Amino acid sequence: MAREMPGHAVPSVEPGATPVKGRSLWVDAWNVLRRNRAAMASVCIILTMSVLVIVGPWLSPYDYAQTDWDNISIAPEWESRHVFGTDALGRDLFVRTLHGGRISLMIGIVATLVSLLIGISYGATAGYLGGRIDHLMMRIVDILYAMPFMFFVILLMVFFGRNIILIFVAIGAINWLDMARIVRGQTLSLKSKEFVEAAEAQGVSTFNIIRRHIVPNLLGVVVVYVTLTIPQVILVESFLSFLGLGVQEPMTSWGALVNEGAQEMETAPWMLVFPAVFLAMTLFCFNFVGDGLRDALDPKDR
Amino acid sequence: MLRYSFSRLMGAIPTLFILIALAFFMIRVAPGGPFDSERSLPAEIEANLRAAYNLDLPLYEQFFRYIGGLMRGDFGPSFQYKDYTVTELIGTGFPVSLRLGGSAMLLALLIGISAGTLAALRQNSRTDYSVMAVSMTGISIPNFVMAPLMILLFAVYLGWLPAGGWGGGAWNHMILPVIALALPQIAYISRLTRGSMIEVLRSNFVRTARAQGLPERTVILRYALKPALLPVVSYLGPATAAVITGSVVIEQIFGVPGLGRYFVQGALNRDYTLVMGVVVFYGVLIIVFNFLVDILYAWLDPKVKY
């Protein structure tokens with residue numbers, strides 16, 4: 001971007017020092033992001049959460065589907081090692097919350113990748129080809145956009161059984177529309193940018209233009225969008241699981257746990273509170289990171 | 001203006017058609033039928049039942065019959081609620097959902113716009129930060145998490161409000177579901193309003209208005225508010241869709257006898273016609289609403305040419 005052009009290089013503080021090294025978009029973005037405390041804290045929480053979700057279940061003596069007959073529906077206590085308490089079937093809530101987190105995070109990431117894959121190929125094709133094909137492809141996106149997709153996903157889950165692959169595909173398939181629009185718009189505008197023209201005039205090969213100029217500029221938008229899509233996907237999955245249409249027993253996800261908790265909340269509020277806090281905190285952090293990344297990577301702000 | 005509306009309308013019709021086709025064929029392709037139950041019916045009876053519901057006709061003929069029925073406002077009979085037509089069920093459920101969703105929408109617009117404007121006027125102040133923090137919370141905490149927590153606090157512990165039921169639409173039964181449904185929208189609308197208001201307040205015509213010595217109130221209400229609300233207007237379409245989707249789970253949680261509950265029940269009972277009826281009904285509602293919003297936007301925004 002602008003930073004890479006010699007005329008725009010930032011003057012060094014000490015004159016006579018080593019020649020000014022051009023700062024890339026990513027170094028710049030990292031510097032902005034690093035100063036955003038909320039976003040950095042969120043990154044740390046997400047990383048901690050991911051590690052906890054992966055190794056946490058092994059730290060407990062209990063299994064996620066195992067019933068502890070002596071401790072059914074007990075409040076959190078340390079002596080029995082049920083740190084989050086147990087549910088009505090005597091299953092350890094700590095392990096179940098983390099297991100649910102595994103599923104929720106996995107669905108969040110995999111379904112986002114699905115939507116990324118479809119969205120980028122569709123959007124880049126439309127943007128690159130342009131003209132009538134572009135018009136037709138975007139018209140299709142417009143039509144699909146107007147559909148009440150949540151209802152269709154519910155129908156899919158009800159009629160074709162509730163398996164986890166279908167959840168990935170269904171959720172990924174509804175989220176690619178935004179991605180396609182964004183990528184198409186970017187491709188279209190990048191194609192006619194001055195720096196691409198300048199590179200062309202200098203005789204840079206097409207491959208290198210795409211590698212050095214188009215892809216990095218697309219990536220910024222895509223990265224921001226991915227961090228904002230993951231919480232959306234987690235939300236959709238939780239929504240389905242909450243209605244009893246998502247993952248199946250004895251497997252669980254945060255949405256399913258919140259649903260179980262909501263039914264028992266008068267007698268066992270811990271069953272609602274722990275999964276709810278984990279879910280909300282994760283969504284919170286992803287949103288913060290997404291916002292932070294948008295500030296950091298938005299070229300308009302410089 | 002008329003021509004613009006007409007061309008927008010022409011765009012909406014294929015969308016409607018595809019919506020109906022998608023819903024129709026998806027359900028027909030699905031395994032399992034409405035007559036699958038624990039006791040299997042004798043073959044002749046099942047054949048008769050299928051004939052009575054036209055399920056023995058070729059698929060395309062069923063489809064055209066269904067569309068023909070829709071044109072007359074006939075969604076077909078319900079497979080589960082034997083004595084009711086789907087039209088009747090929608091007729092009983094929708095007013096409740098409309099009341100719930102409409103109140104939530106009004107509340108969201110009212111609070112969202114005022115909070116967003118306030119935050120924009122005091123940018124980077126403590127007011128601004130708290131509005132943004134609350135709005136981030138509203139976006140991050142899904143309403144199906146918020147709703148049970150609210151029941152736990154206000155109904156179970158404090159006992160101020162009923163935990164569920166509709167009570168014929170009594171105000172105390174409406175408070176919790178309406179707030180739970182409105183919260184995420186309040187969050188989005190206040191963020192949108194804040195962002196666009198900040199931009200508008202920096203623009204030349206606002207500076208001119210201020211330079212003319214107009215009181216700040218007039219500048220905001222008379223000049224800045226209308227252009228600042230354009231993004232909110234274009235968000236009305238997605239907001240409606242979100243409120244409708246949200247009402248499915250909110251009605252389930254609070255036991256509100258609305259259309260969303262019929263939908264979930266129908267989906268779990270494989271009540272083909274009812275489920276399809278609700279999807280088509282809500283789909284049409286969203287498409288029509290988007291159409292109206294587009295026209296409203298074109299009318300409000302001097303930059304849109306038609």
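# A walk through a two-chain helical model

Start by selecting Gly73(B): this residue sits just after helix α3 of chain B and takes a positive phi of about 75°. Helices here are DSSP runs of H or I with at least four residues, strands are runs of E with at least two, and both are numbered from the N terminus.

Before moving on, a word about what you are looking at. This is a predicted model, in which local features need pLDDT of at least 70 and side-chain atom pairs count only at pLDDT 80 or more, while totals for chains, interfaces and linings use all residues. Residues are numbered from 1 along each chain as its sequence is written, and chains are lettered from A and ligands numbered from 1 in the order in which they are written.

**Stop 1: helix α3 of chain B**

Now select residues 59–71 of chain B, which form helix α3. Its 13 residues should span 18 Å at 1.5 Å a residue, and the end C-alpha atoms are 19 Å apart, so the two values agree. The expected span is 1.5 Å times one less than the number of residues.

**Stop 2: helix α1 of chain B**

Select residues 2–29 of chain B, the 28 residues of helix α1. From first C-alpha to last, this helix reaches 41 Å, close to the 40 Å expected. Which residues of α1(B) are buried? Highlight Thr15(B), Leu19(B) and Ala23(B). Buried means that 20 or more other C-beta atoms lie within 10 Å of a residue's own; exposed means 12 or fewer, and partly exposed is in between, with C-beta atoms placed from the backbone. An α-helix has 3.6 residues a turn, so residues three or four places apart point the same way. The cover over the buried residues of α1(B) includes α4 (131–145) of chain A and α12 (272–300) of chain B.

**Stop 3: two domains in chain B**

Colour residues 2–71 of chain B as domain 1 and residues 91–300 as domain 2; these bounds come from an automatic or database domain assignment. The C-alpha centres of the two domains lie 33 Å apart. Where they touch, domain 1 gives 15 residues and domain 2 gives 14. Two residues are in contact if their C-beta atoms, placed from the backbone, lie within 7 Å. On the domain 1 side, α1(B) provides the largest share, twelve residues. By class, that side has eleven nonpolar, three polar and one charged residues. Nonpolar covers Ala, Val, Leu, Ile, Met, Phe, Trp, Tyr, Cys and Pro; charged covers Asp, Glu, Lys and Arg; the others, Gly among them, are polar.

**Stop 4: all of chain B**

Along its principal axes, the C-alpha trace spans about 85 × 55 × 30 Å. Buried residues make up 37% of its 306 residues. Click on Ile175(B), in helix α7 (residues 171–201) of chain B. Ile175(B) counts as partly exposed because 16 C-beta neighbours lie inside 10 Å.

**Stop 5: chain A**

Switch to chain A, where you will find ten helices and zero strands. Here, buried residues make up 42% of the 302 residues. Pick Val43(A), which lies in helix α2 (residues 37–59) of chain A. Is Val43(A) buried or partly exposed? With 19 other C-beta atoms within 10 Å, Val43(A) is partly exposed.

Next, colour by pLDDT, the predictor's confidence in each residue, from 0 to 100. Chain A averages 76, and 83% of its residues score at least 70. Over residues 1–13 of chain A the pLDDT is below 50, although this stretch has 16 contacts in the model beyond near neighbours in sequence. Where pLDDT is low, the predicted coordinates should not be read in detail.

**Stop 6: where the chains meet**

Display both chains. Their contact takes 29 residues from chain A and 34 residues from chain B. The chain A side has two or more residues from each of α5, α8 (206–242), α9 (254–264) and α10 (270–297) of chain A. That side has 26 nonpolar, two polar and one charged residues.

**Last stop: the core**

A nonpolar core is a set of buried Ala, Val, Leu, Ile, Met, Phe, Trp, Tyr and Cys residues joined through C-beta atoms within 7 Å. The largest one has 151 residues, and those with the most contacts inside it include Val153(A), Ile171(A), Ala180(B) and Val278(B). Helix α10(A) gives the largest share of this core, 17 residues. Finish on Val278(B): not counting residues up to four places away in sequence, this residue touches Ile90(B), Leu259(B), Tyr262(B), Phe263(B) and Gly266(B).
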